[in-house]
Amino acid sequence: MPRDLSLTSAATLATLDRTGPRRITDLAAVEGVTQPAMTALVRVMEQSGLVERRGDASDKRVTLVYLTEDGASYVRTRRQAGVHAFERLLGELTGDEVEALVAALPALERLAELESQDREGPRP
């Protein structure tokens with residue numbers, strides 16, 4: 001497993017974890033990079049054992065990128081580290097600050113929903 005991944009690599013793994021297998025062209029569009037850049041990124045992550053390419057059973061001309069168990073483990077570990085860091089920071093807030101955050105949660109959830117719809121686009 002690589003020590004450090006680029007933000008684009010980590011985001012790509014998270015996208016695959018959330019949405020399932022995707023075409024390289026779809027991943028490039030979602031992550032905002034060119035198709036050749038995503039092809040190179042997938043090649044590196046494939047060599048690291050984080051993703052694998054497989055043919056699409058419904059269309060033999062298509063290759064999909066799948067998250068491996070090591071890739072899924074990497075995503076879970078990163079998410080858990082983020083949760084711990086966030087918990088530590090929340091512990092430093094005053095009661096009034098926590099209440100303000102709780103009051104803002106519905107709007108923040110809606111923003112996250114809208115952003116997710118924007119990033120994921122159509123599935124294959």
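1. A salt bridge is counted where a side-chain nitrogen of Lys or Arg lies within 4 Å of a carboxyl oxygen of Asp or Glu. In this structure, which is a predicted model, seven such salt bridges are found.

2. Because R79 belongs to helix 4 whereas D17 belongs to helix 1, the pair ties together parts of the chain that are 62 residues apart in sequence.

3. The next point concerns the packing of two helices. Two packed helices are described by the angle between their axes and by the distance between those axes. For helix 1, residues 7-19, and helix 2, residues 24-31, the angle is about 120 degrees and the axes are 10 Å apart, while the crossing of helix 1 and helix 2 is right-handed.

4. Which residues of helix 1 and helix 2 meet? From helix 1 come T8, A11, T12, T15 and L16, and they meet L27, V30 and E31 of helix 2. Sorted by kind, the residues of this contact comprise four nonpolar, three polar and one charged.

5. The last point concerns the surface, where F86, L90, L93, V98, L101, V102, L105, L108, L111 and L114 make a nonpolar patch of about 810 Å². Helix 4 (69-90) and helix 5 (95-120) each supply at least two residues of this patch, and helix 5 gives the most, with seven residues. L93, another member of the patch, is found in the loop between helix 4 and helix 5.

How values were computed. Residues are numbered from 1 along each chain as its sequence is written. This is a predicted model: local features need pLDDT of at least 70, side-chain atom pairs count only at pLDDT 80 or more; totals for chains, interfaces and linings use all residues. Side-chain values use heavy atoms; hydrogens and water are left out. Axes are lines fitted to C-alpha atoms, for helices over the stretch in contact, and angles run from 0 to 180 degrees between N-to-C directions. Helices (H or I, at least four residues) and strands (E, at least two) are DSSP runs, numbered from the N terminus. A crossing is left-handed if the near helix is turned anticlockwise from the far one by less than a right angle, and right-handed if clockwise. Contact means heavy atoms within 4.5 Å. Ala, Val, Leu, Ile, Met, Phe, Trp, Tyr, Cys and Pro count as nonpolar, Asp, Glu, Lys and Arg as charged, and the others, Gly among them, as polar. Patches are made of residues with over 30% relative accessible area and no salt bridge: like charges are joined within 9 Å, nonpolar side chains (Val, Leu, Ile, Met, Phe, Trp, Tyr) within 5 Å. Accessible areas come from the Shrake-Rupley method with a 1.4 Å probe; for residues, only the protein chains shown count as cover.
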